[in-house]
Amino acid sequence: MTTAASVSLPAPAAAVGERELGFMRRALAAAEEAGGRGEVPVGAVVVVGDEVVAVAHNERETASDPTAHAEILALRRAAAALGRWRLVDAELYVTMEPCPMCAGALVNARLRRLYFGCDDPKAGAVRTLYSLVDDPRLNHRVEVIPGVLAAEGAGLLRSFFSRLRQPVRRAP
């Protein structure tokens, strides 16, 4: 049986240090905030150099917006903060593998590098179902570092969906 999120293989040790883990922890904190608001717990952080320029989490339910994924919101906020849509020097840290819409946005934003947590076996468009961010037919490719704190991101998702599936108990 396929779960809502699975744990990715760990990224190469040389690619992920304390700096990267710290930014992914910020994304996990944003994901926790989303879950507390009834949103699917996915968080994203955009970093340029060593500076966080945008933080976001899913807001589809609260905004009634099907495009309000954490990645899209983070890219929009980063572009607004930087005053440019080309994010060639930016890195995105997201707790779950991006979907096709978000992966396409990463390519269109000319993102430098993507760090993600757990795979998404139902909609993953970075490596699980599709490989949009490194498709040679497209005009830009994004470097990908998978599996960063994957177990933590997958755990948030499993916990969230487990709570949703629990029957509502009525008072006697």
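In this predicted model, Glu71, Ile72 and Leu75 of helix H3 are in contact with Met101, Cys102, Ala105 and Leu106 of helix H4, where contact means heavy atoms within 4.5 Å. By class, this contact has six nonpolar, no polar and one charged residues. Ala, Val, Leu, Ile, Met, Phe, Trp, Tyr, Cys and Pro count as nonpolar, Asp, Glu, Lys and Arg as charged, and the others, Gly among them, as polar. Helices (H or I, at least four residues) and strands (E, at least two) are DSSP runs, numbered from the N terminus.

H3 covers residues 70–82 and H4 residues 100–108; their axes come within 9 Å and cross at roughly 25 degrees. Axes are lines fitted to C-alpha atoms, for helices over the stretch in contact, and angles run from 0 to 180 degrees between N-to-C directions. H3 and H4 are therefore roughly parallel to each other; angles under 35 degrees count as roughly parallel, over 145 as roughly antiparallel, 65 to 115 as roughly perpendicular and the rest as oblique. The crossing of H3 and H4 is left-handed, that is, the near helix is turned anticlockwise from the far one by less than a right angle, whereas clockwise would be right-handed.

Residues are numbered from 1 along each chain as its sequence is written. Local features need pLDDT of at least 70 and side-chain atom pairs count only at pLDDT 80 or more, while totals for chains, interfaces and linings use all residues; side-chain values use heavy atoms, with hydrogens and water left out.

The sheet is open and mixed, with five strands in the order S2-S1-S3-S4-S5. Two strands pair if DSSP finds at least two bridges between them. S2 (51–57) and S5 (143–145) are the edge strands, each with a single partner strand, so one side of each has no neighbour in the sheet. On average, neighbouring strands of this sheet are turned by 20 degrees against each other, direction ignored.

S1 and S2 pair in the antiparallel sense over six bridges, and Val45 has Val55 in S2 as its bridge partner. The hairpin of S1 and S2 has two residues between the strands, and Gly49 there takes a positive phi near 65 degrees. S3 (residues 90–96) and S4 (residues 113–118) run parallel and are joined by five bridges; the bridge partner of Tyr93 in S4 is Tyr115.

Two helices lie across strands of the sheet, as tabulated here.

| Helix | Strands crossed | Angle |

Leu28, Ala31, Glu32 and Gly35 of H1 make the contact with Glu152, Gly153, Leu156 and Phe160 of H5. These residues divide into four nonpolar, two polar and two charged.

Most residues other than glycine have a negative phi. Arg110 has a positive phi near 60 degrees and sits in the loop between H4 and S4. Leu149, in the loop between S5 and H5, has a positive phi near 50 degrees.

The protein chain averages a pLDDT of 91, and 91% of the residues score at least 70; pLDDT is the predictor's confidence in each residue, from 0 to 100. Over residues 6–14 the pLDDT is below 50, and this stretch has 22 contacts in the model beyond near neighbours in sequence.
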